[in-house]
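Subject: Structure handover

Hello,

Here is the structure for your work, with the sequence alongside. Notes on what was found follow below it.

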Amino acid sequence: MGAREAGLPDVVPSASGLPERVTIWEVGPRDGLQNERAVVPVEVKLEFLDRLAAAGLTTLEATSFVHPKWVPQLADAEQLLAGLDRREGVRYPVLVPNERGLNRALDAGVAHIAIFASATETFAQRNLNSTVDEQFAMFEPVVTRARAEGLDVRGYLSMCFGDPWEGPVPAEQVVKAGKRLLDLGCSQLSLGDTIGVATPGQVEALISGYREAGADVGALAVHFHDTYGQALSNTLAALHCGVSTVDSSAGGLGGCPYAESATGNLATEDLVWLLDGLGIEHGANLDALVETSVWMAGKLGRPSPSRVVNALAK
């Protein structure tokens with residue numbers, strides 16, 4: 001059943017100002033698959049990427065150059081990139097943790113990288129084996145060299161709303177950490193609700209904090225997990241604040257291997273349904289996305305958690 005046959009609502013734009021277009025930053029091939037217990041064959045990953053590109057998505061986070069010991073699911077990064085049929089107009093960023101990861105990315109010929117920082121001390125220690133301050137010392141040469149090589153650099157910031165060990169995270173702490181990533185030279189900062197505890201009021205307050213600190217809201221992106229069913233509500237709040245880049249994962253794949261309380265990412269199909277109803281351009285084909293997510297769920301041997309996928313796949 002197609003989206004229109006299922007009753008996709010007429011476009012009813014919100015009364016408040018919203019961006020005319022949203023960039024969907026698809027993280028399923030990296031953030032989604034790194035959380036799988038079993039290693040997905042590289043040929044399946046390549047087909048997944050090709051299907052997502054065919055569905056109209058133009059930013060596909062392809063893989064990660066984290067050491068295979070820590071993320072064995074993505075140990076085939078070089079093989080995947082070597083076999084990738086890059087489509088014109090599609091970006092394929094990769095995650096790098098340090099200079100060794102950057103070396104691998106440069107050898108693979110990538111043009112876009114992302115680094116991954118923490119807003120809290122405990123998660124920095126557990127995820128990066130460093131303090132919050134030490135992580136910036138580690139990232140500085142990575143960003144500097146990447147920019148010198150002509151690469152675009154995105155910064156991820158985790159634990160922006162709540163930390164399973166430290167509890168609620170003060171907005172000013174998150175703003176300070178995020179500003180440091182932007183000041184290092186990151187062109188974009190993705191604010192992560194890593195364990196999915198945020199609510200719209202917190203989202204609005206945090207983005208306002210960045211604006212008050214002099215940050216360009218246009219350089220911000222949001223990355224929500226749907227642990228308590230708040231991902232779409234939080235996304236809408238961010239859009240109303242001027243954010244126009246949203247991370248999502250086809251079929252709602254994902255979690256966080258270092259934060260067991262996190263459930264799946266915001267599903268790309270659920271995001272597209274919201275954007276379609278608001279009349280916001282995004283370039284993706286909903287029916288093709290649903291077909292892709294159903295296919296991927298079959299490869300993983302389980303149903304998709306996406307509400308839209310489960311409704312339209314019947």
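The lining of the second largest pocket is made up of 10 nonpolar, 3 polar and 4 charged residues. The space in this pocket comes to about 330 Å³. It is lined by 17 residues, and those closest to the pocket centre are N35, E36, R37, A38 and Q73. Please keep in mind that the model is predicted.

Next, the aromatic rings. The whole structure contains 3 aromatic pairs. In one of them, the ring centres of F123 and W165 are 6.3 Å apart with 20 degrees between the planes; the pair counts as stacked because planes under 30 degrees apart fall in that class. F123 belongs to helix α5 (residues 121–128), while W165 is in the loop between β7 (162–163) and β8 (167–168), so the pair ties together parts that are 42 residues apart in sequence. The two partners are placed as follows: F123 is buried, with 0% relative accessible area, whereas W165 is partly exposed at 35%.

Another pair is formed by F161 and F224. Its rings are tilted, with 6.4 Å from centre to centre and 40 degrees between the planes. F161 sits in the loop between β6 (152–158) and β7, and F224 in strand β10 (residues 220–224), so this pair ties together parts that are 63 residues apart in sequence. F161 is buried at 6% relative accessibility, and F224 is buried with a relative accessible area of 1%.

R154 also involves aromatic rings. The charged end of R154 sits over the ring of W25, at 3.6 Å from the ring centre. R154 lies over the face of Y156 as well, 4.9 Å from the centre of that ring.

Y156 comes up again in the surroundings of L181. L181 is a residue of helix α7 (residues 171–184) and is buried, with a relative accessible area of 0%. Apart from neighbours within four places in sequence, L181 is in contact with I115, A117, F136, F139, G155, Y156, L157, C186 and L189.

How many of the 11 residues of α10 are buried? The count is 9, so the helix is largely enclosed by the rest of the structure. The buried residues are T268, E269, D270, L271, V272, L274, L275, G277 and L278. They pack against β1 (23–26), α9 (231–240), β11 (245–248), α11 (286–300) and α12 (307–312).

Within α10, which spans residues 268–278, I looked at D270 in particular. D270 has a relative accessible area of 7%, and because buried means under 20%, D270 falls in that class. Not counting residues up to four places away in sequence, D270 touches L232, S306, R307 and V308. After the end of α10 comes G279, which has a positive phi, near 75 degrees.

In short, the points to look at in the viewer are the pocket with N35, E36, R37, A38 and Q73 closest to its centre, the stacked pair F123 and W165, the tilted pair F161 and F224, R154 over the ring of W25, and the largely enclosed helix α10.

Regards

Terms used. Residues are numbered from 1 along each chain as its sequence is written. This is a predicted model: local features need pLDDT of at least 70, side-chain atom pairs count only at pLDDT 80 or more; totals for chains, interfaces and linings use all residues. Side-chain values use heavy atoms; hydrogens and water are left out. On a 1 Å grid over the protein atoms alone, a cavity is a set of points where a 1.4 Å probe fits but cannot get out, and a pocket is an open set with protein on both sides within 12 Å along at least five of seven lines; lining residues have an atom within 4 Å of a point. Grid points are joined across faces, edges and corners, and a volume is the space filled by probe spheres set on the points. Ala, Val, Leu, Ile, Met, Phe, Trp, Tyr, Cys and Pro count as nonpolar, Asp, Glu, Lys and Arg as charged, and the others, Gly among them, as polar. Rings of Phe, Tyr and Trp (its six-membered ring) pair if their centres lie within 6.5 Å; planes under 30 degrees apart count as stacked, over 60 as edge-to-face and the rest as tilted. Helices (H or I, at least four residues) and strands (E, at least two) are DSSP runs, numbered from the N terminus. Buried means under 20% relative accessible area, exposed over 50%, partly exposed in between (1.4 Å probe, protein chains only). A charge sits over a ring if NZ of Lys or CZ of Arg is within 6 Å of the ring centre and within 35 degrees of the ring normal. Contact means heavy atoms within 4.5 Å.
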